[in-house]
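Trainee: I would like to go through this model and ask what stands behind each term.
Mentor: Go ahead, one term at a time.

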2 protein chains.
Amino acid sequence: MDKLNMGKHISNKFNEELEAVRNRVLSMGGLVEQQLSDAITAIQTADVELAEKVLSNDHKVNKLEVQIDEECVHIIAKRQPAASDLRLVIAIIKTIADLERIGDEAERIAKVAKESFSNDQQQLLVSLENLGHQILTMLRKVLDAFARMDLDAAYEVHRQDEQADRQYEALTRQLMTYMMEDSRSIPKIMNVLWSARSLERMGDRCQNIAEYIIFFVKGKDVRHVSPESIERTVKGDRAP
Amino acid sequence: MDKLNMGKHISNKFNEELEAVRNRVLSMGGLVEQQLSDAITAIQTADVELAEKVLSNDHKVNKLEVQIDEECVHIIAKRQPAASDLRLVIAIIKTIADLERIGDEAERIAKVAKESFSNDQQQLLVSLENLGHQILTMLRKVLDAFARMDLDAAYEVHRQDEQADRQYEALTRQLMTYMMEDSRSIPKIMNVLWSARSLERMGDRCQNIAEYIIFFVKGKDVRHVSPESIERTVKGDRAP
């Protein structure tokens, strides 16, 4: 709270609006997290009903994105925020775009849960679930970092993506080997591969959100810069 | 020009700033278009050098994104735009994010051009090139629509994505059949599949940009709404 400088506004109404829109982002994040968690559980337990629930809930995520976007544009037009307030609104606009796309990817994973797999193929799904849990942990951590605008936690998420990428590559190799050994399985395994790719992309999006948090707190755009440079930014002074 | 209401600002400086940032978006768009075009040509002619050029040029796209983003935040803070000016700035912030990701996908396609393919596999590449040309046409059209803030052109691009999706699905089936017939080819064909997926995603991003154009001109967010509803929006009145 202190970090967000909420106390400094002359207008209480402005405070309330910023706080409301931040809370809404956290609700949206919670919903997306639930969607991913349900999609993974649906694969784990071959629960078609739960997969259907994920598919039918996606529109709620989309609706929240459009609503929050509107609120942000409204705040900019009415309150004409500057400095850190403006950075917060911009960070929110970008964060919800990534959250919405994470929701889309969760939907793709839920579709895989609706297929049936042989006992043999179940082994591959375990690796997919492992990657899924790793990404879910990243998502939780970055949402938590967003809630507290915690720079160190954001940086940690940013670094974790590399680990997720490695796990994704190992899984891809495993899946390709399986396809080469049993070519009839290709269409089915391809769906597992797409899911793995979806998870890997979600990791990238968590990394994006971490970058928006760093942008908000430090006032520096750290996209497309080296990890070392980000580390210097995180450890340096705070922006005004 | 008339559509953009550029004449109405009291401050000439503001006009110039908005115009400068719009031109920069068009430069970025031109660069991304060139990257995609080069990536497709590199595959077509097995030109490793051209592929390398695409890879080494990606940082220019990234740099432009960060610069334009900064300019937009600066304009909001300094000029406190309202109504259609604010919508333009928001549309720009979102458009460049999609353009940057299209650039990333072009980079992925260029990587495939660095591999060698058998005569037999060349046939599959032709299908990939066809999809590539379709997406390139969509990208050109949406950038042109952006330059003129042309609602009808934006709507046309929005509809074209469906066609691109169908072509992508046909290509995917073709590639899977090939893999099933020659399992040793799997790792190589997988790269072609990823490229096809990259192209399909680029189409989605062109569709996103079309939606931002509609948002700017009509003041309505048409994401996640049915094509019929978008058509009604496009054909209805203009926003203030």
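Trainee: How many residue pairs are in polar contact between chain B and chain A?
Mentor: The model is predicted, and between chain B and chain A it has nine residue pairs in polar contact, both residues at pLDDT 80 or more.

Trainee: Which elements of chain B form the side that touches chain A?
Mentor: Those giving two or more residues are α2 (48–79), α3 (83–113), α5 (151–181) and α6 (186–218) of chain B. With ten residues, α6(B) gives the most to that side. By class, the residues on the side of chain B that touches chain A are 17 nonpolar, five polar and 14 charged.

Trainee: What makes B:E105 and A:R201 a salt bridge?
Mentor: Their side chains meet at 3.6 Å, N to O. The cut-off is within 4 Å, from a side-chain nitrogen of Lys or Arg to a carboxyl oxygen of Asp or Glu. The 3.6 Å of B:E105 and A:R201 falls within 4 Å, so the pair is called a salt bridge.

Trainee: Why is the pair of A:R223 and B:E65 called a salt bridge?
Mentor: The distance there is 2.9 Å, N to O. That value is also within 4 Å, so the name applies. Side chains of opposite charge can pair when their charged atoms come close.

Trainee: How do you know that this pair crosses between chains?
Mentor: A:R223 lies in the loop between α6 (186–218) and α7 (227–235) of chain A, while B:E65 is in helix α2 of chain B.

Trainee: How many residues are in contact, and what area is buried?
Mentor: On chain B 36 residues are in contact with 36 residues of chain A. About 3,400 Å² is buried between the two chains, and carbon and sulfur atoms give 63% of that. B:M180, B:W194 and B:H224 supply 18% of the area that chain B buries against chain A, more than any other three residues.

Trainee: How do you know that the copies meet through the same surface?
Mentor: Of the interface residues of chain B, 100% are also interface residues in chain A, so the surface is the same.

Technical notes
Residues numbered from 1 in each chain as written. Chains lettered and ligands numbered in written order. Predicted model: local features only at pLDDT ≥ 70, side-chain atom pairs only at ≥ 80, totals over all residues. Heavy atoms only, no water. Contact = heavy atoms within 4.5 Å. Buried area = accessible area lost by both parts, 1.4 Å probe. Polar contact = N/O pair within 3.5 Å; in protein donor to acceptor, adjacent residues only side chain to side chain. Helix = DSSP H or I, 4+ residues; strand = E, 2+ residues; numbered from the N terminus. Nonpolar A, V, L, I, M, F, W, Y, C, P; charged D, E, K, R; others polar.
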